Structure formats: structure tokens, C-alpha cells
Amino acid sequence: MLQLMVTKRIGRRQFHFTVQGTNFHDVVAEYDRLSFPDVVTCGLCGSDNLDLSSRVAQDKFKYTSVKCLDCRGDVTFGKTQKDDQTVFLRKREDGGLDWQAWKKADK
């Protein structure tokens, strides 16, 4: 079993992921499943006070995102239909990350 440690930078923090496989090709394929870039600053306010966040909506939809702890904006991870273990950050048509401003929930 081979392992590879991957570090992704989200704001000021570094997150370490370990991927593994039975051979070099499998390890690199697992690494490719983390197909998102480092996110250094918030695309809305420019802050580097970012963190990873997760939530479950309607008791069935799982969301993971990069959240700005200053303006509360976020950019959500997507998954491919073919392989729900491959993740990417959602992008706009112009190629930039799809940051969404925080909206107060209606009651």
C-alpha cells in the first residue's frame, strides 16, 4: 500500500489529506480526486479568515464548502456525476470561483 500526503491551503490554514492506493498510479488517481486549488482569500471580501464547513439540508443533501469567517460568504464543493468521490470547487462561467454572499434565512 502506497500513501501520499497532500496539503491544501484554505485561507490561513493548511489541511493535510492522505491518499492511498495499491500502486503509484492508484495513488496519483486518488490525488486527482481532490481536484481543487488552494483558496487563499475570500472572493467577496478578500479576507484570509477561511475554513472548511459542512452541512446537511433536508436530512439528505450533503454540502461541503469553503466559508469566510468574516463576511460569511462561501464557495461550495461539487461532485462529478460519474464519481461522487471526486470533488471540485464550483466555478462561474468566466472561470472564477462561484462565491456566494451570505443570505439571512427567511422565517
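Is Phe36 buried or exposed at 6% relative accessibility? Phe36 counts as buried, where buried means under 20% relative accessible area, exposed over 50% and partly exposed in between, with a 1.4 Å probe and protein chains only. The model shown is predicted, so that local features need pLDDT of at least 70 and side-chain atom pairs count only at pLDDT 80 or more, while totals for chains, interfaces and linings use all residues. Residues are numbered from 1 along each chain as its sequence is written, and side-chain values use heavy atoms, with hydrogens and water left out.

**View 1. The aromatic pair of Phe36 and Phe77.** One aromatic pair is counted, under the rule that rings of Phe, Tyr and Trp (its six-membered ring) pair if their centres lie within 6.5 Å, with planes under 30 degrees apart taken as stacked, over 60 as edge-to-face and the rest as tilted. The ring centres of Phe36 and Phe77 are 4.9 Å apart and the planes stand at 80°, so the pair is edge-to-face. Phe36 belongs to the loop between helix H1 (24–32) and S3, and Phe77 to strand S5, so the pair ties together parts that are 41 residues apart in sequence; helices (H or I, at least four residues) and strands (E, at least two) are DSSP runs, numbered from the N terminus. Phe77, too, is buried, with a relative accessible area of 11%.

**View 2. Charges over rings.** Lys8 lies over the face of Phe36, 4.8 Å from the ring centre, and the charged end of Arg55 sits over the ring of Tyr63, 4.4 Å from its centre. A charge sits over a ring if NZ of Lys or CZ of Arg is within 6 Å of the ring centre and within 35 degrees of the ring normal.

**View 3. The largest pocket.** This pocket holds about 430 Å³ of space, and among its 18 lining residues Thr64, Phe77, Lys79, Asp84 and Val87 lie nearest its centre. A pocket is, on a 1 Å grid over the protein atoms alone, an open set of points where a 1.4 Å probe fits, with protein on both sides within 12 Å along at least five of seven lines, and lining residues have an atom within 4 Å of a point. Strands S2 (13–21), S4 (61–68) and S5 (74–79) each supply at least two residues of the lining, and the largest share, four residues, comes from S5.

**View 4. The second largest pocket.** The volume of this pocket is about 230 Å³, and of the 15 residues that line it, Arg55, Lys67, Arg72, Asp74 and Trp102 are the closest to its centre. Strand S3 (50–57), S4 and S5 are the elements that give two or more residues to the lining, with the largest share, four residues, coming from S4.

**View 5. Salt bridges.** Four salt bridges are counted, each being a side-chain nitrogen of Lys or Arg within 4 Å of a carboxyl oxygen of Asp or Glu. Arg12 and Asp48 meet in one of them (2.9 Å, N to O), which links the loop between strand S1 (2–10) and S2 to the loop between H1 and S3, 36 residues apart. Arg12 is exposed, with a relative accessible area of 53%, whereas Asp48, at 29%, counts as partly exposed. Arg33 forms a salt bridge with Asp83, the closest N and O atoms being 2.7 Å apart, and Arg33 lies in the loop between H1 and S3, Asp83 in the loop between S5 and strand S6 (87–89), 50 residues apart.

Methods. Grid points are joined across faces, edges and corners, and a volume is the space filled by probe spheres set on the points.
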